[in-house]
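I opened my notebook to look at one protein model, starting with its pockets and then moving to the chain as a whole. Here is what I looked up.

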Amino acid sequence: MLGQMQDKPLLISSLLEHAERFHPNVEIVTKTVEGPIHRCNWRELGERSRRLAIALQKQGVKHGSMVATLATNTYRHLELYFAVMGLGAVLHTINPRLSPEHLEYIVNHAEDEILFFDLPFAPLIEKLQSRFPTVRRFYALANQDSVETAAPAIRDFAGYETLFDDTPADPSFTWPQFDERSASTLCYTSGTTGNPKGVLYSHRSTVLHNHVISLSDSLGSSADATILLVVPLFHVNAWGLPYAAAMTGAKLVLPGPHLDGKSIYDLLRDERVTLAAGVPTIWQMLFQHVDANGLKPREDLCLKDAVVGGSAAPRMMIERFDRDFGTFLLHAWGMTEMSPLGVVCRLLPKHADLSPSQRYDIQMKQGRAVYGVQIKIVDDDGQRQPHDGKASGKLMVSGPWIIGRYFKGDDNLLDSEGFFDTGDIATIDEDGYVTLVDRSKDVIKSGGEWISSIDLENAAVGCPGIAMAAVIALPHPKWQERPLLICVKKPGAEVDKAAVLAYLDGKIAKWWTPDDVVFVESLPLTATGKIYKLGLRQVFKDHELPA
Ligand code: ADP
């Protein structure tokens with residue numbers, strides 16, 4: 001027997017409609033590409049999104065059309081989110097840090113029809129436009145006078161604001177209703193090996209994911225929150241937070257392209273941000289700004305939670321946020337293929353009396369699965385491993401916002417139980433906390449046992465004078481592989497190999513001790529701000545470990 005409740009589709013447009021109706025005056029603040037602060041609210045954003053939708057329809061955009069963005073976090077990008085998806089078209093958010101080859105590949109693979117870009121990317125578009133045969137129209141996201149001054153040499157080109165010029169508000173416009181399983185956004189994974197792969201989200205997967213990330217035991221969004229989206233709108237829908245803000249009425253703060261320590265600190269302070277989300281490299285830059293200027297974040301800021309994901313949060317970062325900022329570092333794990341949230345590290349009531357140091361031990365874990373995500377760890381034969389905090393295995397996931405197959409890919413990615421292999425290796429403890437041991441391709445296999453590059457890096461960045469650290473495996477005649485530690489020093493620090501090894505002594509198992517420590521000026525980063533291990537492996541492939 002079927003239930004008899006209304007069969008209303010879960011559509012992204014309903015989030016915006018709700019925000020307009022119930023949180024009309026809540027602000028959306030942008031540090032624009034040009035620099036000045038722009039302010040609007042959910043009512044204005046809703047109105048402009050509807051006008052934009054009408055303008056896009058006039059441009060031939062319809063259900064299933066592919067509309068691409070190459071843009072940072074601004075209110076204009078957010079308008080495109082709601083206008084394109086609201087029409088049932090697909091928003092393909094492109095990571096501008098991808099190589100030209102990958103950009104060419106994904107625009108053609110997605111068959112993008114219209115491409116919106118931030119004006120500073122105009123030279124890139126000028127260079128690549130002839131390689132984008134499917135794109136019939138380009139728009140620059142900027143004020144019209146900036147567009148006219150820049151006058152880029154791009155075919156079929158116009159300024160974004162011209163779309164509004166001929167499109168007055170139409171009170172009779174309503175968002176179309178369609179199947180909630182319709183595609184909403186397309187994101188490609190960075191493709192550290194081979195071509196990037198497309199992940200195609202649906203309205204249903206997005207709205208369900210959104211409900212769960214908004215819970216207070218999850219990332220937590222609410223009407224009294226102010227959320228700074230350091231994580232880009234082009235990276236897995238900024239972890240879903242824009243939708244959560246619309247649903248709950250949170251104030252949104254968008255940093256545009258300004259991700260340096262000073263810009264982030266100023267936004268945190270001036271906009272009274274309570275929740276911010278970003279990868280660890282962003283927070284390192286913030287710490288450097290605080291140190292260099294002798295700032296007092298505990299007095300200046302009211303940041304309650306800093307969500308850290310994408311790479312492991314080092315202990316030093318957890319401690320620093322707690323001690324100097326009064327901020328809880330909220331560790332989370334997920335991936336593009338998971339919309340992205342899988343697990344999040346909130347404490348349980350039984351942890352209430354722990355000392356700070358014991359609390360940090362728990363916060364270093366990636367966290368517990370949120371409702372909707374099933375997890376298991378398995379060995380090479382697919383056998384489930386116990387959740388005892390010791391046994392490690394391949395981390396597999398299943399749920400309504402987890403990938404079934406890649407865009408235009410034929411292969412079924414799932415095992416016989418419907419689980420997707422994340423490519424990560426993890427343990428799960430009795431309370432369900434997942435600890436990531438490593439990415440399976442980064443783990444160091446020494447003498448038949450595993451050394452976690454994540455654990456070694458976490459330990460190394462705690463060493464005084466070390467700003468960043470990466471560990472890679474090098475081939476070894478006896479042990480098969482051994483770890484090489486690659487470090488970046490803090491400005492002016494006088495630290496050497498002996499000091500780092502002495503610091504690590506006693507903090508890691510003896511046989512994990514890196515065979516060598518080298519110092520570099522900077523570490524290469526991927527398009528999503530993670531340490532580019534593949535690049536490091538190429539650079540150091542001939543490095544000889546001391547005997
Ligand atoms: P990309 O592959 O483009 O870098 P993703 O963001 O999809 O993009 O990467 C997902 C991967 O990032 C995960 O499979 C995992 O290896 C790593 N990751 C994500 N969050 C964490 C975390 N909290 N700790 C350690 N690794 C993480």
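Before anything else, I noted what a pocket is: an open set of grid points where a 1.4 Å probe fits, with protein on both sides within 12 Å along at least five of seven lines. I also reminded myself that this is a predicted model.

Entry one, the second largest pocket. I found about 590 Å³ of space in it. I counted 27 lining residues, and Met316, Val461, Gly462, Cys463 and Lys490 are the ones nearest the pocket's centre. Which elements give two or more residues to this lining? I got helix 11 (280-293), helix 13 (315-325), helix 15 (453-460) and strand 23 (466-476). Sorted by class, the lining comes out as 15 nonpolar, eight charged and four polar residues.

I listed 17 helices and 25 strands. The radius of gyration is 24 Å, close to the 24 Å that the globule rule gives for 547 residues, so the chain is as compact as a globular protein of that length. Its C-alpha atoms fill a box of roughly 75 × 65 × 50 Å along the principal axes. How much of the chain counts as buried? I wrote down 57% of the 547 residues. Last, of the contacts with a separation of 6 or more, 67% join residues 24 or more positions apart.

Methods:
Residues numbered from 1 in each chain as written. Predicted model: local features only at pLDDT ≥ 70, side-chain atom pairs only at ≥ 80, totals over all residues. Heavy atoms only, no water. 1 Å grid on protein atoms, 1.4 Å probe; cavity = no way out; pocket = protein on both sides within 12 Å on 5 of 7 lines; lining within 4 Å. Points joined across faces, edges and corners; volume = space filled by probe spheres on them. Helix = DSSP H or I, 4+ residues; strand = E, 2+ residues; numbered from the N terminus. Nonpolar A, V, L, I, M, F, W, Y, C, P; charged D, E, K, R; others polar. Rg over C-alpha atoms; globule rule 2.2 N^0.38 Å. Buried < 20%, exposed > 50% of the residue type's maximum accessible area, 1.4 Å probe, protein only. Contact = heavy atoms within 4.5 Å.
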